[in-house]
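Hi,

Here is the structure I promised to pass on.

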Amino acid sequence: MTALAVVLVTIGFALTVLMPVWALLTWGSHRERRRLARLPVSRCADVTGPGRRLRAVEGRSGPGPLGTLTAPLSGEPCAWYFSQVEEKVSGDGPSRRLVWEAGGAMAFEVRDESGPVLVDGCLVHPEHRSSRTGHGPPVRRAVQEDVRSAKDSAHLQGLIARGILTEKSFRRGWLSGSLGWSVREYVLPIGEPLHVQGRPGIRQGRPVLGGARGRHLVSGRTHGQLAADSEQDVRTGWGCLLIGSIAGPLLLVAGYLLSLRIGG
């Protein structure tokens with residue numbers, strides 16, 4: 001079998017094998033397009049109490065019941081934050097030990113011309129976000145650093161100076177296996193455009209949109225932009241399926257016939 005025949009067979013086989021993957025991705029995009037079409041955007045004022053069905057609203061991010069927040073590491077004013085310090089330790093394999101964390105669950109507002117509605121902060125938590133779509137919330141990473149010593153981090157020194165953590169938290173024992181510390185903080189700035197999908201509930205006497213078995217969504221894109229993206233994903237998926245279903249078998253046959261011709 002010549003090199004050309006091998007290339008043809010390999011590409012044809014790869015395209016054929018990828019067909020189920022493309023079909024699955026296309027079906028997921030199709031479902032997302034239908035879901036968006038069945039879920040029109042409501043006014044924030046129309047979300048008044050608990051319900052079983054998802055509701056969608058659009059507006060600007062704003063402070064929740066706690067007022068404007070100050071992120072503890074970066075000091076930035078924001079509507080929501082999540083801060084965390086982890087120690088990286090060695091063992092059977094590198095792992096992490098939680099040293100301190102703050103925030104992540106506080107509610108914030110999304111406000112349109114009709115008024116505000118609360119949003120559960122867990123919907124934008126970096127470890128709890130919905131996997132429904134590739135469009136994430138407009139949460140900004142304000143701090144991300146990895147240091148070998150707490151003395152190398154102004155953020156850790158700030159926590160120690162304020163009494164939130166002690167220097168003892170960063171001491172290394174002879175057998176600790178410590179590899180250093182990871183410091184990170186995410187913030188949701190005030191005034192960011194938001195599209196929120198969630199299940200209505202009540203928190204502190206106010207309507208709130210919360211999680212719904214992974215179907216929730218917080219995005220910085222509008223309903224129209226999300227719908228256009230889903231439509232494009234469907235078209236791309238169908239195009240890949242069409243090309244792969246034709247080109248894959250043709251390349252396999254061409255490679256096989258070429259090998260027979262050379263061998264004969």
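Ten bridges link β5 to strand β10 (residues 178-188), and the two run antiparallel. Strands here are DSSP runs of E with at least two residues, numbered from the N terminus, and two strands count as paired if DSSP finds at least two bridges between them. Within that pairing, Gln-84 sits opposite Arg-184 in β10.

A quick word on the source: this is a predicted model, where local features need pLDDT of at least 70 and side-chain atom pairs count only at pLDDT 80 or more, while totals for chains, interfaces and linings use all residues. Residues are numbered from 1 along each chain as its sequence is written, and side-chain values use heavy atoms, with hydrogens and water left out.

Four strands make up an open, antiparallel sheet in the order β6-β5-β10-β9. β6 and β9 (140-147) are at the edges with a single partner strand each, so one side of each has no neighbour in the sheet.

Trp-100 belongs to strand β6 (residues 95-103). Trp-100 is buried at 14% relative accessible area (buried means under 20%, exposed over 50%, partly exposed in between, with a 1.4 Å probe and protein chains only). Leaving out residues up to four places away in sequence, Trp-100 touches several others, including Pro-72, Val-85 and Leu-165 (contact means heavy atoms within 4.5 Å).

Glu-87 lies in strand β5 (residues 80-89) and is buried too, at 7%. Ser-178 and Trp-181 are among the residues Glu-87 touches, again not counting those up to four places away in sequence.

Cheers
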